[in-house]
Structure formats: structure tokens, C-alpha cells
Amino acid sequence: MSETFGVPPALWEYQTTFRMPAGAAATELLKGFDEHMNADPPPVGAAHPGVPLREVAGWRLSADVTVPAGEPPFPVLVYLHGGGWSMGSPWTHRRLAAELTGLGLVVVSVDYRRAPKHPFPAAVDDVAFAVDWARENAATYGGDPGQLVIGGDSAGANLAASVLATGDSGVRAALLCYGVFDYHRMQAGMARLLGRPDPVSGRYLRPEEFDSLRGDPRLSPEVAADRFPPTLVTVGELDPLLPESEALAARLAAASVPHRLHVVPGAPHGYLQLPTHPSRAEGIAVIADFLQEQGIKTER
């Protein structure tokens, strides 16, 4: 098991195949490995958990805001956690948020609404609101709204890209980590991979809307890749979602959008949350380098 670099075997199996052990649920599996994924986060200058953004449909939309040590102003990263649009939270990604803050970024980690209780487009609307909120309120936390970046992993990368595809986001750069960029293509691929009877059985969309939403840029943002700012697309070589990142990079290239596709050898899905795997440090360094290339000051 040396190639897994200390990643627990069940977690490695899930992150490379998306198949669950018999009798297990994804939420419980990932909860069981929280200690591994979030152990020993680096220090930050200040932490502001659960900052309220708005009340909507019975949901208290909030964000965890982490601030670097040092002298402001700092660039601002609005970050969207992964979890298949139905799991996860800023808490499940707290170590990653701290590591990104360590690059000299004010990180606004958004606790958006999740399916199935809040199906599409609730999360998309929350993320768009959060970007506007960050632009208007970043200075309160030492952030520079003129250096606004958006990012996310997995489903969170899909949500980040949806903002770029559908609105005048005004962000300087995007960090899209092992995401989904054509929802219907991904669902069909996952149905084949996991042996599901059909691709409509995901929890994010209402089944009756599945076909009518094909090509909607809020779900499949690569159709509007020409609207993206300079974009980093990063993904592990062993990630079942690798084709999604490759397809987005091809779209960005066709649209002449400055971008970088970073495929990490030997890395699975979610590699940025695997602190014992060398791909994590590589990925953080690539993010820092990319931001510096875009004129966004980081600490590396």
C-alpha cells in the first residue's frame, strides 16, 4: 500500500472508484475519516466561523471566513466545498481552508444549501449571492475586493464554474479542483461506472427536470467557457472525474482563455484533502504559482 502514502485503504478505494464498501453510506464513510483529512491544520491569523450572509428558504446562509497573519489588504478567495451537492460543509474542508489562507488569502468558505432538501438551483443562487457579498464585505476582514478569486472542489468546482458561466462575476481568476463541468455527461459516466440503472437517480436535480436542463450553463458551465477568467484546472490522474477536467481544459483552449491543466500523477479524487499524500503539497504549490502568474500576491 506504499503508493497510497498513508491514506486509509477504504478512503483510497472510495476516492479512486466512487464505490462504497458494502453496507456503508458516503456520509458516514467520510465522517469516519475526518480526523485524517483535517488533522493538524496550520495556524491562521484569525477565524470567523458562521458569518451570516442571509436567510433564504429556511436556510441560514453563512460562511467561515479565515484571515491570514500579516498586513492587509489580502486577496480574497470565495471557496465552495465538495460533496456531491448533498454532503460536506466548510467544517469538512477546514484544513484545506487554513492551508489556502496560509498562501495569504482571505478565504470565504460558503455553507451553501444542499440537496435533496434544497435541489438545484438553490446552491447556484447561494454561491452567486456569496460572491457579491464577498465583494462588498471583504474589506471588513482585511480583503481586497479588487483581487477576488473563486474556487472549489468536486461539486464545489461545478458551482464555482456556474457563477463564471452565468454572470458578470468580476473575479480575477478561478481555481477549479477535480470538478464536474457537464452534469449530464458526468451522471451518465457515473451510472456506467457504478452500475446504476439510469443517470437520472442523482439527488441534485428533480428527476422530472433532468432532460429539460441539458446544456444549462448553471449545471454544465463548460458550455460558456469563453466567459471564464484565467483558470487553473487541477485533477488527480486516478480520479474517476479526470475526463471532466480534460474536457473543460479543451473548451478553455478552444475559447483562447488563459488556463493551466494540472494532472497530478498517482493522485485520486479529493487529493487536496489527503495531508499524507505528496500530491497535496504539490497542489497547494501549483495554486500559489498560478495565482502569482495572474498578478495575485501570495505568500509562496
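Mentor: We take each label, its definition and its value in turn. This is a predicted model, where local features need pLDDT of at least 70, side-chain atom pairs count only at pLDDT 80 or more, and totals for chains, interfaces and linings use all residues. Residues are numbered from 1 along each chain as its sequence is written, and side-chain values use heavy atoms, with hydrogens and water left out.

Trainee: Why is Thr 234 called buried?

Mentor: Buried means under 20% relative accessible area, exposed over 50%, partly exposed in between (1.4 Å probe, protein chains only). Thr 234 has 1%, so it is buried. Thr 234 sits in strand β7, residues 231-236. Strands here are DSSP runs of E, at least two residues; helices are runs of H or I, at least four.

Trainee: What joins the side chains of Thr 234 and Tyr 271?

Mentor: A polar contact of 2.6 Å. The label needs a pair of N or O atoms within 3.5 Å; within protein, one must be able to donate a hydrogen and the other to accept it, and residues adjacent in sequence count only if both atoms are side-chain atoms. Contact in general means heavy atoms within 4.5 Å. Leaving aside neighbours within four places in sequence, Thr 234 has such contacts with residues including Leu 176, His 262 and Tyr 271.

Trainee: How do you know that α6 is largely enclosed by the rest of the structure?

Mentor: Count the buried residues. They are 11 of the 12 in α6, so the helix is largely enclosed. Among them are Ala 155, Leu 159 and Ala 165. The buried residues of α6 pack against β3, α5, β5 and β6 (173-177).

Trainee: What makes a nonpolar core?

Mentor: Buried Ala, Val, Leu, Ile, Met, Phe, Trp, Tyr and Cys residues, joined through side-chain atoms within 4.5 Å. The largest has 59 residues, and Leu 159 is one of those with the most contacts inside it. Helix α6 (residues 155-166) gives the most to this core, with eight residues.

Trainee: How many bridges pair β3 with β5?

Mentor: Strands pair if DSSP finds at least two bridges between them. Strands β3 (residues 74-80) and β5 (residues 143-153) have six, in the parallel sense. Leu 80 stands opposite Gly 152 in β5.
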